[in-house]
Amino acid sequence: MSLPATVSALRDTVLRMFPHRAVPGLIPVGTPGPDSPVLLTCSFTLTLRRLQRVLAGRNVWLLAADTHGINVWCAAGGGYLTHHEVIAAIRSTGIEELVDHRELILPQLAATGVEPRRVRQATGWESRWGPARLEDLPAYLDRGRRTTRRDRRMRFPLWERLEMASMWAVWTALGGGALFALLGGWRTGVGVVISVLLTVGAVFAALPRLVVTGHRRWLTYGAFAILGTGIGAAVMLLLGAPTPRNLALQAVASVLAMAVLSIDLAGTTPWYPSTINTFRNFAHIDLEPERCTFAGDCVQVCPAEVLRLDGPTRKVVIARPDACLQCGACIVQCPSDALRFRYPDGRIIPPAAIRSTRMNMLGRRTVTVEGHDPAVTPGSSDTPA
Amino acid sequence: MSSFVFMKVLESAPRRYDRGMNLLFLGRMEQLHEAIAAEVAAPGRRILDLGCGTGGVALASARRGATVTGIDTNPQMLEIARAKPLPPGAPPVEWLELGATEIEDAFPPESFHAVTASLVLSELGPLEQAYALRTARSRLRPGGVLVIADEIVPAASLRRLAWWAGRLPLVCLTYLLTQTTTRALEDPGGLVRAAGFAEIHERRFGRGTVVLLTARRGEAGP
Ligand code: SF4
């Protein structure tokens, strides 16, 4: 990578919570021809860079929809990647003149926002779900464009966790370092920078084994605040300034760093629903078995293996309700509106509301269906059938 | 990849859109809507408002008696627009969830006397801008009018720098308070000309940062 490219990659990584807008449009990888696959993606610079790296040596067309510089999952959740953006990308790029097929490979995580049926109605293009993670694309293409169970499950390997950690750690470390340098001198600042970077890195490295949801998450944060204090104290010792005041400042800084992380550590992972978004508003995925036609779209798009096809009953079952991320993908894709969200108090969000308002945040998507009492609807139960 | 933190900000945007825009334009949004409507709206005229958002321009045109269709891709914006009242006697506005590149799916050629697009074009990528303008032109009747209002960046680099510096505090404040912002166009006249429009007139609105452009589809030719 050239120096400017490295600098911009670093910048985009630590600033990844903000959109980074690449020019949307058609990006040829290799020398694609009329029968090369067409892969839809977003206009987030980091994603496009990773895609080009992963697909190097192949001939494919990347169709970058204008998601305002937001990554696929967030854009699909927030209404910035819907059938409108896909239709706009197909039409405005002139891809129809460059290929002689009409098949679009959609990232699985776009399922929260894109309705393939409406893309087909407007353009005649058929959609096929690709893997959840772009790293799995080469194998997916070699396999003849079929996903495996492994492709569909969202993974979050160490390297990506550390990338995500940098998003939190760099800013907390710089801000905290500056603040504590003012309070206690440059050594204190250096101590804070080092302890924040190491502690946040450690949190993300250990993430698969940590409890980050529910009340017990405070124990996790407490333990890492103690670790941070220890690291800060060690740095103070090395720099020859282990005064009681400095040690106290290191402890305060570590507690503050964990407080910042607790804003939404869970939502920074693909494993849990976001704490912010579901705040006091936890919805359950709910199936009306009598509506289920065994189409299987929901199983294909669920990134958390919550749903399973049950052969004998020819119905979908909610096999792992507690793993649900509340992403809504299965609801948006169900051809017979058999899935929906239900709040603990019985209110129901119908599929149409999910399709038009997307994410479930701070209760604003709450819609109560008139005359529909979920308590008496047969089959509307949280327990797997 | 999964920074859902960001989503909370995105979601609240439609609800705060009106407030954000008014702040960004120092309370002159309404004047802008009226200025656009004054160019094209009259009883009996059919108008398409592209990217109608919360409905400011479409409703201003309807108040002047025009029959307006407002289209936008954001259903939440449309919901807000739908809830806004119109005075008795004004023709009701038709609101459709449709993108600027989907005009051809809903309207046959030569359907409208005018097309309006306020703070929309700058939101689109270059290819979509060109596509949307070409289709908009084909949906206009011969002699039909296009009105575009958008922010414009000065072309000269020094003036451009001054423009950014002057704009930055207001943009930051608006974004902090309402999570809305706008983008700017560089050469709206050139875009419109490339799409086949003629009789292009540009004038400035509000201290020179917004351009109000009118253009016509010529009488002859498709
Ligand atoms: S079951 Fe939950 S995690 Fe799976 S697609 Fe549906 S909403 Fe998303």
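**Figure 1. Surroundings of the ligand in the predicted model.** The model is predicted: local features need pLDDT of at least 70 and side-chain atom pairs count only at pLDDT 80 or more, whereas totals for chains, interfaces and linings use all residues. Residues are numbered from 1 along each chain as its sequence is written, chains are lettered from A and ligands numbered from 1 in the order in which they are written, and side-chain values use heavy atoms, with hydrogens and water left out.

Figure 2. Buried denotes under 20% relative accessible area, exposed over 50%, and partly exposed in between (1.4 Å probe, protein chains only). A:Cys334 accordingly is in no disulfide, and the nearest cysteine sulfur, that of A:Cys298, is 6.4 Å away. A:Cys334 also counts as buried, at 10% relative accessibility.

Figure 3. B:Arg217 belongs to the segment after strand E8 (210-216) of chain B; helices (H or I, at least four residues) and strands (E, at least two) are DSSP runs, numbered from the N terminus. With a relative accessible area of 3%, B:Arg217 is buried. Its side chain reaches the backbone oxygen of B:Arg137 at 3.2 Å, and a polar atom of the B:Arg217 side chain lies 2.9 Å from the backbone oxygen of B:Leu140. A polar contact is a pair of N or O atoms within 3.5 Å; within protein, one must be able to donate a hydrogen and the other to accept it, and residues adjacent in sequence count only if both atoms are side-chain atoms.

**Figure 4. Helix H4 of chain A and the residue that follows.** Eleven of the eleven residues of helix H4 (residues 83-93) of chain A are buried, so the helix is largely enclosed by the rest of the structure. Among the buried residues of H4(A) are A:His83, A:His84, A:Glu85, A:Arg91 and A:Thr93. Just after H4(A), A:Gly94 adopts a positive phi of about 70 degrees.

**Figure 5. A:Ser254 in helix H12 of chain A.** A:Ser254 is part of helix H12 (residues 244-261) of chain A and is buried at 4% relative accessibility. The backbone oxygen of A:Gly228 is reached by the side chain of A:Ser254 at 3.5 Å.

**Figure 6. Positive phi outside glycine in two loops of chain A.** A:Arg314, in the loop between strand E7 (307-310) and strand E8 (315-318) of chain A, has a positive phi of about 50 degrees although it is not a glycine. A:Arg314 is exposed at 53% relative accessibility. A:Asp337, in the loop between helix H15 (329-333) and strand E9 (339-342) of chain A, likewise has a positive phi, near 50 degrees, in a residue other than glycine. A:Asp337 is partly exposed, with a relative accessible area of 29%.

Figure 7. B:Ala83, in the loop between helix H4 (75-82) and strand E3 (94-97) of chain B, counts as exposed at 65% relative accessibility. B:Ala83 and B:Thr54 are 29 residues apart along the chain, and their C-alpha atoms are separated by 9.4 Å. A:Arg149, in helix H8 (residues 149-152) of chain A, is exposed, with a relative accessible area of 59%; A:Arg149 lies 18 residues from A:Pro131 in sequence and 9.4 Å from it in space, C-alpha to C-alpha.

Key
A disulfide is a pair of cysteine sulfur atoms within 2.5 Å.
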